[in-house]
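This report describes one protein model, from its overall fold to selected residues. The sequence and structure are shown first.

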Amino acid sequence: MVYFVLCFGLCFILGGLAVESNPSPYYGVVGLVLGSVVGCGWLLSLGVSFVSLIVFCVFRGRCCM
């Protein structure tokens, strides 16, 4: 379980780096969605399911606008 949480943390950081380092808005949005999905999975693994759902809805709604 520890490796699972660490893998989610690493993917979350890589998703944030993908948002910051891409000059194209399209790839930045892909990185943001990837980071939000991984971050929500990280919160789910910690047992905070409602907050994870709210965060995912906010990030997904902001990217699709």
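## Basis of the description

The model is predicted: local features need pLDDT of at least 70, side-chain atom pairs count only at pLDDT 80 or more, and totals for chains, interfaces and linings use all residues. Residues are numbered from 1 along each chain as its sequence is written, and side-chain values use heavy atoms, with hydrogens and water left out.

## Overall fold

The protein chain contains three helices and zero strands, which gives the pattern α-α-α along the sequence. The radius of gyration is 12 Å, close to the 11 Å of the globule rule for 65 residues, so the chain is as compact as a globular protein of that length. This radius is taken over C-alpha atoms, and the globule rule is 2.2 Å times the number of residues to the power 0.38. Helices (H or I, at least four residues) and strands (E, at least two) are DSSP runs, numbered from the N terminus.

The C-alpha trace spans about 35 × 25 × 10 Å along its principal axes. Among contacts with a separation of 6 or more, 50% join residues 24 or more positions apart; a contact means heavy atoms within 4.5 Å.

## Surface and burial

The accessible surface of the protein chain is about 4,800 Å², and carbon and sulfur atoms account for 78% of that surface. Accessible areas come from the Shrake-Rupley method with a 1.4 Å probe; for residues, only the protein chains shown count as cover. Of the 65 residues, 23% count as buried. Buried means under 20% relative accessible area, exposed over 50%, and partly exposed in between (1.4 Å probe, protein chains only).

## Annotated segments

According to an unreviewed UniProt entry, residues 1-18 carry the feature "signal peptide". In the model this span is 94% helix and 0% strand, and its end C-alpha atoms lie 26 Å apart.

The UniProt annotation "transmembrane region", also from an unreviewed entry, covers residues 28-59. That span is 94% helix and 0% strand, with its end C-alpha atoms 13 Å apart. UniProt positions are given in the numbering used here, feature names are shortened, and annotations may be inferred rather than shown by experiment.

## Helix 1

Ile13 belongs to helix 1, residues 2-21, and counts as exposed because its relative accessibility is 52%. The C-alpha atoms of Ile13 and Gly35 are 7.6 Å apart in space, although 22 residues separate the pair in sequence.

Ser21 also lies in helix 1. With a relative accessibility of 55%, Ser21 counts as exposed. Ser21 and Gly31 are ten residues apart in sequence and 9.7 Å apart from C-alpha to C-alpha.

Leu46, Val48, Phe50, Val51, Ile54 and Val58 form a nonpolar surface patch of about 550 Å². Patches are made of residues with over 30% relative accessible area and no salt bridge; like charges are joined within 9 Å, and nonpolar side chains (Val, Leu, Ile, Met, Phe, Trp, Tyr) within 5 Å. A salt bridge is a side-chain nitrogen of Lys or Arg within 4 Å of a carboxyl oxygen of Asp or Glu. Helix 3 (residues 49-64) supplies the largest share of the patch, four residues.

Ile54 lies in helix 3 and is partly exposed, with a relative accessible area of 40%. Ser52, also in helix 3, counts as buried because its relative accessibility is 3%. Leaving aside residues up to four places away in sequence, Ser52 touches Cys40, Leu43 and Leu44.
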